[in-house]
Amino acid sequence: MSEYAIQVKDVSKMYKLYNRNRDRIIDAFNLSKTPRYREHYALHNLSFDVKRGETVGIIGTNGAGKSTILKIITGVLNATSGDVIIDGRISALLELGAGFNQEYTGIENVYLNGTMMGYSREEIDEKMQDILDFADIGDFVYQPVKTYSSGMFVRLAFAVAINIDPEILIVDEALSVGDVFFQNKCYKKFDDFKKLGKTILFVSHDLGSISKYCDRVILLDHGRKLEEGSPKDMINIYKKVMTGTDANAAVSSYNSDDTDIDSKLNSNLGSITDSDNDSLWKSHFTINPNLNEYGSRKAQIVDFAVVDSNGLLTNSIVKGDKFMIKSKVHFNEDIANPIFTYTFKNIKGVDITGTNTMFEKKDIDLAKAGEEYVASFTQEMNLQGGEYLLSISCTGHDENGELTAYHRLYDVLNITVVSDKDTVGFYDMNSKVEITKV
């Protein structure tokens, strides 16, 4: 038995693109001496190996070729060139609906999929109760799957894929459809699979899951393998590519030195290729369209940013890493002792943590009209993995000593904390644990 469960060797996938339908017909019947199509390579000489028992993630921007290579590995698509060698029984959960007959009931589709995977009816009967218990969709298993919600559909599909005892499990983003409780159950099954020495290959935009479950990550860019390595390193390179940095430059410039975040930010800003007419930090973020904004505007927040430990403008922060929150405020009037603040909420709106320049004893005696100040809060990210909302403001006390808001931006950005280890509650105590036999 080979040490590799999957070997991908110089695989390319080329599609023929036609400008007109009649050009397709002309080509099909060889009515022209010159091709009427343009070549588009979804994959270009892609090679990688997956060892038996590894959990490997594939990440990349839209159009990188992630789903295409999974379809070639599972036999849904044929490669234009190159070879794929599989050693082991594969179970695959690709896009919603793949392998299911919409007119059949859930039960009938279980038998259909089991038969396609090489199981006899008797073997499927033995596994049926485990499949139904895992899917937990009740009497809907007796209804045609065309009546299912997307959540019920993915429950049944994953239940079939996970319970037919595969040696290799391949999942393409499908778990993002299920509810949080079902996702938790699926990832618990991932852990069980890993302990049994099974091989898992999956594509996901959920960087937290990639970080937590993967032994290794392959980063694709425009059909080519850009790099492969540890989840943390590949996620950091991926985030740099997402900011618009040239892919090869992102790989060559990535490092983990101790240069301060501001220096890295200033260096990286020069390499960002987004529209140069928007040089503001905030132009590189997706701002909440339902932002709650108010204040007297005696001072105004004109720019803001979240910066990771590599100096990248990003809303994805790796748990345990240093990061910075920056806000730039323009003062329209003279203001004594202005206060700069930030707050994190969870997605239910509960305040989790935050601070301000008054708490931190960083005071400005007087900000004069026309002046601008930048507040930079640097700290470690110790929140649990998940989604949070960031609010920032500039406040102060009026002549009567009453707290007043000059400019507040509530829930202005979402922040994703990428984590491979979560504890109980909202944040991690970073305990150092020793166990000694006595």
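1. Leaving aside neighbours within four places in sequence, Lys239 is in contact (heavy atoms within 4.5 Å) with Asp308, Leu312, Thr314, Ser316, Ile317 and Val318. Lys239 sits in helix α8, residues 231–242; helices here are DSSP runs of H or I with at least four residues, strands are runs of E with at least two, and both are numbered from the N terminus. Lys239 counts as buried because its relative accessibility is 5%. Buried means under 20% relative accessible area, exposed over 50%, and partly exposed in between, with a 1.4 Å probe and protein chains only.

2. On the source: this is a predicted model, in which local features need pLDDT of at least 70 and side-chain atom pairs count only at pLDDT 80 or more, while totals for chains, interfaces and linings use all residues. Residues are numbered from 1 along each chain as its sequence is written, and side-chain values use heavy atoms, leaving out hydrogens and water.

3. The largest nonpolar core has 54 residues, of which Leu156, Phe158, Leu169 and Phe190 touch the most other members. Helix α5 (residues 150–163) gives the most to this core, ten residues. A second, separate core of 36 residues includes Phe304, Val307, Phe377 and Leu413. A core here is a set of buried Ala, Val, Leu, Ile, Met, Phe, Trp, Tyr and Cys residues joined through side-chain atoms within 4.5 Å.

4. There are 17 salt bridges, counted where a side-chain nitrogen of Lys or Arg is within 4 Å of a carboxyl oxygen of Asp or Glu. In one of them, Asp23 pairs with Arg36, with the closest N and O atoms 3.0 Å apart. Asp23 is in helix α1 (residues 21–28) and Arg36 in the loop between α1 and β2 (37–51), so the bridge ties together parts 13 residues apart in sequence. Asp23 is buried at 5% relative accessible area, whereas Arg36 is partly exposed at 32%.

5. Arg216 and Glu54 also meet in a salt bridge, at 2.8 Å from N to O. Arg216 belongs to strand β8 (residues 216–221) and Glu54 to the loop between β2 and β3, so this pair joins parts 162 residues apart in sequence. Arg216 is buried at 15% relative accessibility, and Glu54 is buried at 15%. Glu54, Arg216, Lys225 and Glu228 are linked in a salt-bridge network.

6. Strands β15 (residues 339–346) and β16 (residues 351–356) pair in the antiparallel sense over five bridges; pairing requires at least two DSSP bridges between the strands. Thr341 has Asn356 in β16 as its bridge partner. The two strands, β15 and β16, form a hairpin with four residues between them, and Gly349 in the turn has a positive phi of about 90°.
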